[in-house]
Amino acid sequence: MAEAATGAVRVEKVRGRSALTRCFARYPLKLIAPSKVGPASCDAVWLYALTYGGGIVSGDTISCTVSVGDGCTVAITTQASTKVYKAVGSKCSEQLLEAHVGEDALLAVIPDPVTCFSTARYHQKQVFKVSANSNLVIVDWFTSGRYECGEKWDFSFYKSVNHIFLGDHPLFIDSVLLEQGSNWSLAEQMQEYNVIAMVVLLGPKLKSMQEQMQAEVRKLMSGQLRPPTSGGSLYAMRSQPPLPRPQRPPLIASCSPFGRMGTGMVARVAAVNTELVYSFLRHHLAALEPLLGASPYAAS
């Protein structure tokens, strides 16, 4: 990682259990490792990533390295949404994460959403290096801003990049870029949707979760996006008044496999508010509870 790290985490097996053997953080990053999350029988390390002041100031760069040893389990989350404050000139706020996930290990990166204030400029890059049987959960999501106060898609620049490498070979390359344009504003393009999310599931321990999520999303969308019909023949339909234009569903989701033999899956979600996405994540990630000791987003 080119930038001087503001955080470094290493988890290894100690006496047969996942243990935090290094945890370093400096301003503006703070890392909290609670001593107990879930039952004592669960072998998982939880980390909360926080920032002083509750957000990222224009020009700040937060960079963190994470190493998950063979057979270990780690969950990285936040206590609230990550706020990105207004930009000063052309300065950009940045978050960088580089993670190594060992054999038969599980890393779950399950934060709350990023919320960019008006005129904010934000860039995030996450690079994950995995082994053939590593397990990885990534939740990467953001909101339109403080939309409950009327501030919708008013930030200047947002970019999020996620790369997964199997050895030296790219397995998953994804980039999301939103920037205010001269012809169309972001608010006009995004319509009534205020939240965009991506969920990545990779690895043998998560295969059944992938299959269940794909099946349920397919069923949900086939019902919501089916065009209305009035029945009868084509000639009968011509004599009737035109059907009203269907309303957009409050949540839209899709799933796609990736990698050789579909070892991974990516789900993409757009919703009108954060509560709908929290509900989606709680439901579809609930199966992680036996592995992590607690269900993601249960308290959200």
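Buried means under 20% relative accessible area, exposed means over 50%, and partly exposed is in between (1.4 Å probe, protein chains only). Keep that scale in mind as we look at cysteines and charged pairs.

The model is predicted, so local features need pLDDT of at least 70 and side-chain atom pairs count only at pLDDT 80 or more, while totals for chains, interfaces and linings use all residues. Residues are numbered from 1 along each chain as its sequence is written, and side-chain values use heavy atoms, with hydrogens and water left out.

**Cysteines**

A disulfide is a covalent bond between the sulfur atoms of two cysteines. Here a disulfide is counted when two cysteine sulfur atoms lie within 2.5 Å. How many disulfides does the structure hold? There are 0. Take Cys64: the closest cysteine sulfur belongs to Cys23 and is 8.2 Å away, which is too far for a bond. Cys64 is buried, at a relative accessible area of 10%. Cys149 is in no disulfide either, since its nearest cysteine sulfur, in Cys116, is 15 Å away.

**Charged pairs**

Side chains of opposite charge can pair when their charged atoms come close. A salt bridge is counted when a side-chain nitrogen of Lys or Arg is within 4 Å of a carboxyl oxygen of Asp or Glu. The structure holds 6 salt bridges, and the table shows some of them.

| Salt bridge | N to O distance |
|---|---|
| Asp43 and Lys13 | 2.6 Å |
| Arg268 and Asp174 | 2.7 Å |
| Arg248 and Glu192 | 3.3 Å |

To place these pairs we need helices (H or I, at least four residues) and strands (E, at least two), which are DSSP runs numbered from the N terminus.

Asp43 and Lys13 meet in a salt bridge. This pair links distant parts of the chain, 30 residues apart: Asp43 is in the loop between β3 (29–32) and β4 (45–51), and Lys13 is in strand β1 (residues 7–14). Lys13 is partly exposed, at 37% relative accessibility.

Arg268 also forms a salt bridge, with Asp174. Arg268 sits in strand β18 (residues 264–271) and Asp174 in strand β15 (residues 169–179), 94 residues apart. Arg268 is partly exposed at 35%, whereas Asp174 is buried at 8%.

Where do Arg248 and Glu192 lie? Arg248 is in the loop between α3 (234–238) and β17 (251–258), and Glu192 is in the loop between α1 (186–190) and β16 (195–202), so the pair ties together parts 56 residues apart in sequence. Arg248 is partly exposed, with a relative accessible area of 42%, and Glu192 is partly exposed too, at 29%.
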